[in-house]
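Please read them with the structure open.

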Amino acid sequence: MQYHNPEKIRMVKQYKNVQIGAEFSLIIDNDILKQYFNRPDYLLMLWNNTNETTKLVVDDRSISVPAQQITFLTYNQRVDLDQYSPNWVALIFNRAFYCTHTNDREIGCNGLLFFGSDYIPILSINSEEKGRLQTLLAVLEEEFEQKDSNQEEMLRLLLKRFIIRCTRLAREQIVSRYASQKDIDLIRKFSFLVEEHFRTKRKVSDYAEMLFKSPKTISNVFHLHDQKSPLQVIHDRVMLEAKRYLFYTDKTVKEISNELGFEEPTQFTKFFKKNSLLTPLDFKRQHPTDDIGKN
């Protein structure tokens with residue numbers, strides 16, 4: 001099947017293994033897609049396979065996704081659709097079906113496609129790559145109909161192939177085209193570790209130790225490839241989580257401070273103000289939940 005007019009197509013293909021709680025879906029229906037937002041353990045690949053720009057609201061940001069671009073979201077992010085959004089082509093899976101943590105060494109997607117600290121990867125799909133991905137989707141669609149003992153493994157292999165193709169695009173588009181594979185892996189692994197440990201580790205030296213590198217080496221690689229500084233990556237991730245708590249929960253400043261590993265609320269308030277020029281309470285007052293995504 002060709003997917004050139006997803007706004008006119010409505011499709012839901014699902015595989016479930018209830019014994020282990022595994023689930024994998026191909027969805028071209030925004031109403032169904034919305035049901036998967038903010039579910040624990042689900043990862044999403046959303047392809048705007050149309051000829052127009054559309055929007056997502058992710059946390060406190062309105063994200064424009066131009067035609068023929070694909071973005072990658074995790075269960076850590078608060079997501080909603082623009083009300084006028086055409087149907088997305090969505091591949092959705094949970095960790096029980098395919099664990100990117102376990103397979104990261106093999107496919108190298110964590111830190112580029114998923115769990116990349118605070119940024120949202122959006123990849124451009126050229127006509128050649130579009131053809132490859134559409135072929136994969138067509139094979140996937142057929143495999144969803146095969147009800148035999150090999151179905152789950154075939155679906156998992158096809159999903160893995162889709163992720164690998166996107167990971168290759170991410171290496172070209174997100175990191176400098178002149179970056180060596182060694183540098184790409186260092187940036188990727190650092191970002192992934194920040195996602196895992198930002199609540200308890202806020203020094204570059206903490207991550208350098210886990211990566212068996214010096215802090216200076218890590219900083220030099222990030223600078224060479226026009227990335228944010230490693231320290232800024234850490235701070236931005238802590239700030240993003242703080243904003244999520246302020247937007248979406250009724251937790252007090254003290255409770256948020258504890259959640260994020262600060263010893264004292266005053267320490268958290270000082271950190272927040274330094275990075276946003278507002279205190280947490282002022283930020284919450286100026287950014288009510290109803291205003292998210294309007295800017």
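1. Leucine 193 has a relative accessible area of 16% and therefore counts as buried, where buried means under 20% relative accessible area, exposed means over 50% and partly exposed lies in between, with a 1.4 Å probe and protein chains only. Leucine 193 belongs to helix H5, helices being DSSP runs of H or I with at least four residues, numbered from the N terminus. Leaving aside residues up to four places away in sequence, leucine 193 touches Tyr207, Met210 and Leu211, a contact being heavy atoms within 4.5 Å. Between the C-alpha atoms of leucine 193 and isoleucine 122, which are 71 residues apart along the chain, the separation is 21 Å.

2. On the basis of these notes: this is a predicted model, in which local features need pLDDT of at least 70 and side-chain atom pairs count only at pLDDT 80 or more, while totals for chains, interfaces and linings use all residues. Residues are numbered from 1 along each chain as its sequence is written, and side-chain values use heavy atoms, with hydrogens and water left out.

3. Helix H5 (residues 181–197) and helix H8 (residues 230–248) have axes that come within 10 Å and cross at roughly 30 degrees; the axes are lines fitted to C-alpha atoms over the stretch in contact, and angles run from 0 to 180 degrees between N-to-C directions. The crossing of H5 and H8 is right-handed, that is, the near helix is turned clockwise from the far one by less than a right angle. Phe190, Val194 and Glu195 of H5 meet Pro230, Val233, Ile234 and Arg237 of H8, and by class this contact has 5 nonpolar, no polar and 2 charged residues.

4. The largest nonpolar core has 72 residues, and Met45 and Phe93 have the most contacts inside it; such a core is a set of buried Ala, Val, Leu, Ile, Met, Phe, Trp, Tyr and Cys residues joined through side-chain atoms within 4.5 Å. Apart from this core lies another, of 18 residues, including Leu81, Trp88, Ile92 and Ile120.

5. Taking a disulfide as a pair of cysteine sulfur atoms within 2.5 Å, the count comes to 0 disulfides. Cysteine 166 is likewise in no disulfide, the nearest cysteine sulfur, that of cysteine 109, being 10.0 Å away. Cysteine 99 is buried at 15% relative accessible area, and cysteine 166 is buried at 0%.

Notes:
Helix = DSSP H or I, 4+ residues; strand = E, 2+ residues; numbered from the N terminus. Nonpolar A, V, L, I, M, F, W, Y, C, P; charged D, E, K, R; others polar.
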